[in-house]
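Here is a quick briefing to keep beside the model while you click around.

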Amino acid sequence: MSRVYNFSAGPAVLPEEVLREAADEMLDYKGTGMSVMEMSHRSKAYDTIIKEAEADLRELMNIPDNYKVLFLQGGASQQFAMIPMNLMKNKVADYIITGQWAKKAYQEACLYGKANKIASSEDKTFSYIPDCSDLPISEDADYVYICENNTIYGTKYKELPNTKGKILVSDVSSCFLSEPVDVTKYGVIYGGVQKNIGPAGVVIVIIREDLITDDVLPGTPTMLKYKTHADAGSLYNTPPAYGIYICGKVFKWLKKMGGLSVMKERNEKKAKILYDFLDQSKLFKGTVEKKDRSLMNVPFVTGSEELDAKFVKEAKEAGLENLKGHRTVGGMRASIYNAMPIEGVEALVAFMKKFEEENL
């Protein structure tokens, strides 16, 4: 069977050449006579895999030396608790709510201290990013928290909030490595890898060293202290070894493609094809304010639930998979991450044009 165009929001499409390379190495990784799946995480071969992965990620993102890179488990959702446990010294934090994941992170933080909602776009189903240029940042806030790209709602911060000197913590799960970032603007930048980097089961945390201390909230489990993992080079316990190996291959693929500025250009080009069509379509329309549109996740609707369902069904038959939107938005959503080829977006738009002609 031939490969489909997979528009899933996560776990999501991976570069085909990475999958082929992993398949070639499945039974025998570089002459070791075993698969990476079977390999001790303490072995020399695996040590090289994890160290190279970190070095390549540092190069791609230009990560300064005073930041640690941690390969952890528990997904982005576990970070919702780890962040307040490790950073809420004054028991106060400010949250900007631009979607379901920021909201869940805020709710989790409420268990550990005073979490303040300082801005929100919930009034319009998270279809925009609020103005964050002059927010009521709390005097004693330990950090300001954002979810930078909102997978479900298709919005993206084009400018980071003015945190008035407070530490910025950002969940970048669905825009990770899609464009260059200035890591120095963040105290913590983290994301689950299953959207843009690798298979589910790994979360990458990039954290400034001065934020890694033993001074954590009382009762914080050993496994939920950043210091535990930082001191052990992400090998305190058995890491998600195979997942990290695939991430490492994706980092090499990104470097080969020309790095993050090239990926940004590619992603802008792909998104423009889809948004340009949506802006002139008589049947389909995007659900996000233009200025806040994501390059990664594009929600759209026809205005009719029956037509939406028909579209998703017929798209699937045409080899365009996982286009059903999230239940809170309805309609459709095309996730067009780094590994989605431009041909996939062109095929989607061609199918949308045909569907529009047949159903108007």
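**Salt bridges and other local features**

The side chains of K291 and D292 meet in a salt bridge, with 2.7 Å from N to O. A salt bridge here is a side-chain nitrogen of Lys or Arg within 4 Å of a carboxyl oxygen of Asp or Glu. Keep in mind that this is a predicted model: local features need pLDDT of at least 70, side-chain atom pairs count only at pLDDT 80 or more, and totals for chains, interfaces and linings use all residues. Residues are numbered from 1 along each chain as its sequence is written, and side-chain values use heavy atoms, with hydrogens and water left out.

**More on the salt bridges**

- D292 is buried at a relative accessible area of 6%, while K291 counts as exposed at 51%. Buried means under 20% relative accessible area, exposed means over 50%, and partly exposed is in between (1.4 Å probe, protein chains only).
- Shared partners join the salt bridges of E52, D56, E59, K252 and K255 into one network.
- D279 and R293 also pair up through their side chains, at 2.7 Å from N to O. D279 sits in helix α7 (residues 260-280) and R293 in the loop between β11 (285-286) and β12 (297-301), so this pair ties together parts that are 14 residues apart in sequence. Helices (H or I, at least four residues) and strands (E, at least two) are DSSP runs, numbered from the N terminus.
- Of that pair, D279 is partly exposed at 39% relative accessibility, and R293 is buried at 11%.
- R58 bridges to E54, with the closest N and O atoms 2.9 Å apart. The two are four residues apart in helix α2, so about one helical turn separates them. E54 is partly exposed, with a relative accessible area of 26%.
- By this rule, the count comes to 28 salt bridges.

**The cavity**

- How many cavities of 30 Å³ or more does a search of the whole structure find? There is one. A cavity is a set of points, on a 1 Å grid over the protein atoms alone, where a 1.4 Å probe fits but cannot get out; lining residues have an atom within 4 Å of a point.
- The largest cavity holds about 70 Å³ of space. That volume is the space filled by probe spheres set on the points, with grid points joined across faces, edges and corners.
- Its lining includes M61, E148, K156, F176 and I189.
- By class, seven lining residues are nonpolar, one is polar and three are charged. Ala, Val, Leu, Ile, Met, Phe, Trp, Tyr, Cys and Pro count as nonpolar, Asp, Glu, Lys and Arg as charged, and the others, Gly among them, as polar.

**A nonpolar surface patch**

- M26, L27 and M37 make a nonpolar surface patch of about 330 Å². Such patches take residues with over 30% relative accessible area and no salt bridge, with nonpolar side chains (Val, Leu, Ile, Met, Phe, Trp, Tyr) joined within 5 Å. Areas come from the Shrake-Rupley method with a 1.4 Å probe.
- M26 is in the loop between α1 (16-24) and α2 (44-61).

- The peptide bond from G10 to P11 is cis, with omega near -10°. P11 is in the loop between β1 (5-6) and α1.
- T125 has a positive phi, near 45°, in a residue other than glycine. T125 lies in the loop between β4 (114-120) and β5 (144-147).
- N322 has a positive phi too, near 60°, and is found in the loop between β13 (320-321) and β14 (332-335).

Definitions and conventions: 1 Å grid on protein atoms, 1.4 Å probe; cavity = no way out; pocket = protein on both sides within 12 Å on 5 of 7 lines; lining within 4 Å. Patch = residues over 30% accessible without salt bridge, like charges linked within 9 Å, V, L, I, M, F, W, Y side chains within 5 Å.
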